[in-house]
Amino acid sequence: MSQNFRNFIDGKWMDSTSGETFDNVNPANKDEILSTFPRSGPQDVDLAVQAARKALKGWSKVTPPSRGRILFEAGRIMSEKKTELARTLVKEVGKTMNEALGEVKAAVDMCYFMAGEGRRLYGETTYSELPNRLAMTKRYPVGVCGIITPWNFPLSLISWKVCPALICGNTVVLKPAEDTPETANNFVEIMSEAGLPGGVLNLVHGLGEEAGEALVRHENIDLISFTGSSEVGRKIATLCGERLTKVSLELGGKNASIVMEDCDLELAVDSIVRGAFTVAGQRCTATSRAIVHAAIYDEFIEKLVEKTKKLRVGPGDDESTDVCPMINEKQLNRVMKYVEIGKKEGAKLLLGGSRLTTGVYSKGFYFEPTIFTEVRPDMVIAREEIFGPVLVVLKVNSLEEAIKVHNSTEYGLSASIFTKDVARAMGAIDRMEAGVCYVNAPTFGSEVHLPFGGVKMSGNGHREVGKAALDVFSEWKTIYVDYSGGVQNVQFQKD
Ligand code: NAD
């Protein structure tokens, strides 16, 4: 029997006002309905926003170190429940247990990191240009934050947004992805168990165009923080623009690894295979392009094919699985569409390219690890985000050409270069258009104490991880304290 979950509004669990629900389906077995969730609409969103607004007064007055104590406790509970949380991720995202445990760790790390920020939240103090006058800055909450998250990293991404929002004194309405709602439920339960007061974090389940859009359109929201596709991000930014609502967007990517002829080839191939195919390529930082120097191209391809062929596609709960199922039929169809486009464009389908449908695969959304060669930078498969286990390989003759090819997409999330030459690596870092750059490592592997985010179509200029997240979730106030006893002002001075 599948379980019925509910929204969490003002500290109370409740159904959607319409009573309608949607199903949470197992990506490894589409016939298995894991649980049902409220299909919320504008009325539910409104209740949650009202609750968050009401709670803001009290929560913003709780001191940041006291807010931090709740986040420490949440991190501790999460860590204690890591296996249980990981099992839910395996079940509803489809990823492997190791991938799921890694994700739980990233969520715990953020709880602890932001809890520590509660004792810092540093501003600046400095001298005024005028005598007997103090100048300083202090962070204040933005207000009620609408947080919208995707399904591929449902626990860590919720933690990466909600923790900085809370430590800065904001209240939150969370609309998680409809494909992975149970993980969001678990996160909210833990926050509540850790002592977060009712109304501070509200959870509204539902579909993007319904609950998600209602949240973005709500006039009493002060900030929208969204992670998801660039297509939806653009729509959200337009709606926020109409009301001048602060909006932070973390969007898609078309990440590349550059492989130079002087690199450790085993390391490069191993990293690219992991970057392209683990989590079935459904990372925003997945390696979807390999840009390879002609001098080692043939050897690279040989090793790449050899390693990729060894990958085992299977369900996340099978310990021998390397490549898990895709999240749903829609995503699988999207990948199949791009494979067809690639073939029509004249790229060579070197490996894979098909849905797996027999035996253990018959009920899930499985796709073979796929490699295209003879790809030109102007091809659609070299420019658009596929978001599946598909790697395109581009051949280049120099670092100069590699960087030009690297920068030829509209995205700019993460990038990596494999070389033993430090000058080349540093030169590439300076010129690769990406928010996160790695040397001799895959295109994924962000740590919670450093900023994360992209340039170009991968975002809108914000960074949500590390201390940088505080700039999204707080407003600066600049303060001048004059103790001269007289009226003095820099604007009264002549020079
Ligand atoms: P998506 O854009 O379809 O959905 C993301 C979230 O937005 C979901 O909760 C969805 O319900 C909601 N949504 C959909 N339409 C909406 C609308 N009109 N108004 C308001 N909300 C709406 O993305 P997805 O398929 O869940 O996730 C995959 C995408 O996310 C990929 O493009 C991937 O690169 C990106 N992503 C980016 C990062 C990052 O940090 N840059 C991290 C993970 C995923």
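Let's start with helices α5 (residues 154-167) and α6 (residues 181-193): their axes come within 9 Å and cross at roughly 35 degrees. Here an axis is a line fitted to C-alpha atoms over the stretch in contact, with angles running from 0 to 180 degrees between N-to-C directions. Helices (H or I, at least four residues) and strands (E, at least two) are DSSP runs, numbered from the N terminus. This is a predicted model, where local features need pLDDT of at least 70, side-chain atom pairs count only at pLDDT 80 or more, and totals for chains, interfaces and linings use all residues. Residues are numbered from 1 along each chain as its sequence is written, and side-chain values use heavy atoms, leaving out hydrogens and water.

Who makes the α5 and α6 contact (heavy atoms within 4.5 Å)? On α5, look for Pro154, Leu155, Ile158, Ser159, Val162, Cys163 and Leu166, and on α6 for Thr183, Ala184, Phe187 and Met191. That set divides into nine nonpolar, two polar and no charged residues.

Now over to the strands, where pairing takes at least two DSSP bridges. Strand β5 (residues 29-38) pairs with β1 (residues 3-4) in the parallel sense over two bridges, and Asn4 stands opposite Thr36. With β4 (residues 21-26), β5 pairs in the antiparallel sense over six bridges; Val25 has Ile33 as its bridge partner. A hairpin of two residues joins β4 to β5.

Finally, the ligand. An oxygen atom of the ligand is 2.6 Å from a side-chain N or O atom of Glu385, and one lies 2.7 Å from a backbone N or O atom of Thr149.

Key
Contact = heavy atoms within 4.5 Å. Nonpolar A, V, L, I, M, F, W, Y, C, P; charged D, E, K, R; others polar. Polar contact = N/O pair within 3.5 Å; in protein donor to acceptor, adjacent residues only side chain to side chain.
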